[in-house]
Protein chains: 2
Amino acid sequence: MDVDAKAFLERWHKVVATRDAAGLEALLADDMTMGAPPYWTKLETKPVVQRLLGIIISTIDDFTYHREWIDGRELALEFTGRVGDLKLQGIDLITLNDDGKIQNLDVMIRPMNGLAKLAGIVREKMMAAA
Amino acid sequence: MDVDAKAFLERWHKVVATRDAAGLEALLADDMTMGAPPYWTKLETKPVVQRLLGIIISTIDDFTYHREWIDGRELALEFTGRVGDLKLQGIDLITLNDDGKIQNLDVMIRPMNGLAKLAGIVREKMMAAA
């Protein structure tokens, strides 16, 4: 089935820019998985991933997308940002399902010091929100 | 100027698979830069990057490419591998110059424990070879 990746991307950018939690939920498949930067094991279930994504987006300052690649329902989105005084460069690798929602999202971030700082803050917020 | 990214990719895969140092050198621009996974500051000069890439490729076991995206002279190449018993997933973001050689290469890797182990081994080898 053909999936409109560009339509997805337009909605994704809007949701990220406005930090729209309800809009974000509408873009995630119920059985989605996420390969988060710190861990190998995939995170599962939409509520967990949604909460994590919300926290990540609100923790990274100056979050900006740059190069974007689309190949069918596979997307690669480069971003930069900042955690305190540490700069970050990262990539979202996204697979869309038949409904044009995120089936899997893998996120990689460099450099190590920024990633470690981000992971620490996000972990604290996840536990505080649990 | 139009650059043949697919021809580059064919040569790149061959060089990586055979760990061909001379072939690798021919694919790097003299003034190339590299954003390595552990550091924010870009590495510079071809000899430094070439040595580092050679060490990385020979340190990651089961190095395998998966999804690939090409947009003009901008490429994103997903890979997986292993350092000891720690699995890795990573991405090469490549910009080609007018001659179809690598102008910039940014590499991001997850998860953190695998990246830290890889970075430690590579650093030791770089210093031993210096």
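Which residues in H3(B) are buried? In this predicted model, they are B:Val49, B:Leu53 and B:Ile56. Viewed down the axis of H3(B), the buried residues fall within an arc of 65°, so they line one face of the helix. An α-helix has 3.6 residues a turn, so residues three or four places apart point the same way. The length of the helix also fits. H3 of chain B covers residues 46-59, and its 14 residues should span 20 Å at 1.5 Å a residue; the end C-alpha atoms are 20 Å apart, which agrees.

Now turn to the sheet of chain A. It is open and has 6 strands, in the order E2-E1-E6-E5-E4-E3. The pairing is mixed. Strands E2 (43-44) and E3 (61-71) of chain A stand at the edges. Each has a single partner strand, so one side of each lacks a neighbour in the sheet. Further in, E5 (residues 86-96) and E6 (residues 102-110) of chain A pair in the antiparallel sense, over 8 bridges. There, A:Gly90 has A:Ile109 in E6(A) as its bridge partner.

Two helices of chain A pack on this sheet. H1 (residues 5-18) touches E3, E4 (74-83) and E5 of chain A. Its direction makes about 175° with that of E3(A). H3 (residues 46-59) of chain A touches E1 (28-35), E2, E3 and E4 of chain A. The direction of this H3 makes about 60° with that of E1(A).

Last, the core. The largest nonpolar core holds 66 residues. A:Ala76, A:Leu118, B:Ala76 and B:Leu118 touch the most other members. Beyond its neighbours within four places in sequence, A:Leu118 is in contact with A:Thr59, A:Ile60, A:Val83, A:Leu88 and A:Ile109.

Notes. Residues are numbered from 1 along each chain as its sequence is written. Chains are lettered from A and ligands numbered from 1 in the order in which they are written. This is a predicted model: local features need pLDDT of at least 70, side-chain atom pairs count only at pLDDT 80 or more; totals for chains, interfaces and linings use all residues. A nonpolar core is a set of buried Ala, Val, Leu, Ile, Met, Phe, Trp, Tyr and Cys residues joined through C-beta atoms within 7 Å. A residue is buried if 20 or more other C-beta atoms lie within 10 Å of its own, exposed if 12 or fewer, and partly exposed in between; C-beta atoms are placed from the backbone. Two residues are in contact if their C-beta atoms, placed from the backbone, lie within 7 Å. Two strands pair if DSSP finds at least two bridges between them. Helices (H or I, at least four residues) and strands (E, at least two) are DSSP runs, numbered from the N terminus. Axes are lines fitted to C-alpha atoms, for helices over the stretch in contact, and angles run from 0 to 180 degrees between N-to-C directions. The expected span of a helix is 1.5 Å times one less than its number of residues. The arc is that of the directions from the helix axis to the C-beta atoms.
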